[in-house]
Amino acid sequence: MRGAGGGANLLALRSHNTALVLDLLRTAGAEGISRLELAERTGLTPQAVSKITARLREEGLAAEAGRRASTGGKPRTVLRLVPEAGHAVGVHLDRDELRAVLVDLDGTVVARRHTPLDLGAGAEAVLTRVASVVEELGADLPGGGSLLGVGVALPGPLDHRRGMLHRVTGFPEWDGFPLRDALSERLGSVPVVVDKDTNAVALGLAVGGEGGSFAYLHLGTGLGAGLVIGGSVHRGPRTGAGEFGHQVVQLDGPPCGCGDRGCVEALCLAAVARGETAEAARVLGTGAANLVGLLDIDRVLVGGRTVEGSPEVFVSGVRGVLEARARRTGERGVGVAVVCGEGRVAEGAAQLVLAPVFGQDG
């Protein structure tokens, strides 16, 4: 597999000034942007911009996109990003399936994979499956392109900074496993980033233009939240923020897989199992209302395979609880919307690798 050593060098790209230029090149699209405009928008000197763009052209990351008429003097050469020059793999490890995508620098999906997975089969079996899928996707890299890294998203809790898992609900055997380092070694030192599935989706939404402060609530085989505060993913000092599913909403309620009782996840999934989708939505809304009251966020977004099975019911149920709260408090209501797409987590996982390249929160 072609790793980060050829073509685009991930570490070289991670300078602040280079990230600023790359982000503007990406935003400009196929029409491109001139060096003068890059200098004006970044605040860098023309000389600094020229050095950065020369290096990006040498790396194959930037190319000429023609010339543009100038208000005086000779026409300006405009540059564009070369999306196919670099790629990232995003992997979604769920409790029972693996989804993976290969995306280019624009975040466009080039290839997808989907396969059953037993997260409880043990580290060796899971690592072998992930490595196999990444190798398959690596074979789809276009000529001249390079793999910048692999982002892996899965249920928490986990340590994002160290890439180490904690006690994934229902799978305590993963506690303390260094997933990032183990997978990177298996892949031949390809850089790996590990984060929670909810954070990956939240990051993907923020990179895609979802602004302000919002919570993404993911209801699938479990329940968690990704929090974006002021445009950045909020992980907390121990990267443990967003364990939304394990807030207790019913004292002495039914046991939860985390070992506690009356967790919103246990109540929500139990209602789903009984076929009481409206009740599950109401429970989800109750947890969402607690979150809104605590963080004063702008929007609540809901997604995950369970939500996608009855999106209208979940949006209506969550909205109903939030509107009732707004009437009681006299505050402005909070918007609620559904986030659909089976590959959302995997695509967000790829952004764990790409976003820092463009100076965004990864």
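Author: A disulfide is a pair of cysteine sulfur atoms within 2.5 Å, and a search of the whole structure finds zero of them. Cys-258 is in no disulfide, the nearest cysteine sulfur being that of Cys-263, 3.7 Å away. This is a predicted model, in which local features need pLDDT of at least 70 and side-chain atom pairs count only at pLDDT 80 or more, while totals for chains, interfaces and linings use all residues. Residues are numbered from 1 along each chain as its sequence is written, and side-chain values use heavy atoms, with hydrogens and water left out.

Reader: Is Cys-263 buried or exposed?

Author: Buried means under 20% relative accessible area, exposed over 50%, and partly exposed in between (1.4 Å probe, protein chains only). Cys-263 has 0% relative accessibility and therefore counts as buried, whereas Cys-258, with a relative accessible area of 38%, is partly exposed.

Reader: Why is helix α7 described as largely enclosed by the rest of the structure?

Author: Helices are DSSP runs (H or I, at least four residues), numbered from the N terminus. Helix α7 covers residues 197-207, and eight of its 11 residues are buried, so the helix is largely enclosed by the rest of the structure. Among the buried residues of α7 are Asp-197, Asn-199 and Leu-205. After α7 comes Gly-209, whose phi is positive, near 115°.

Reader: Where is Leu-294 placed, and is Leu-294 buried or exposed?

Author: Leu-294 lies in helix α9, which spans residues 277-295, and this leucine is exposed, with a relative accessible area of 67%.

How values were computed. Helices (H or I, at least four residues) and strands (E, at least two) are DSSP runs, numbered from the N terminus.
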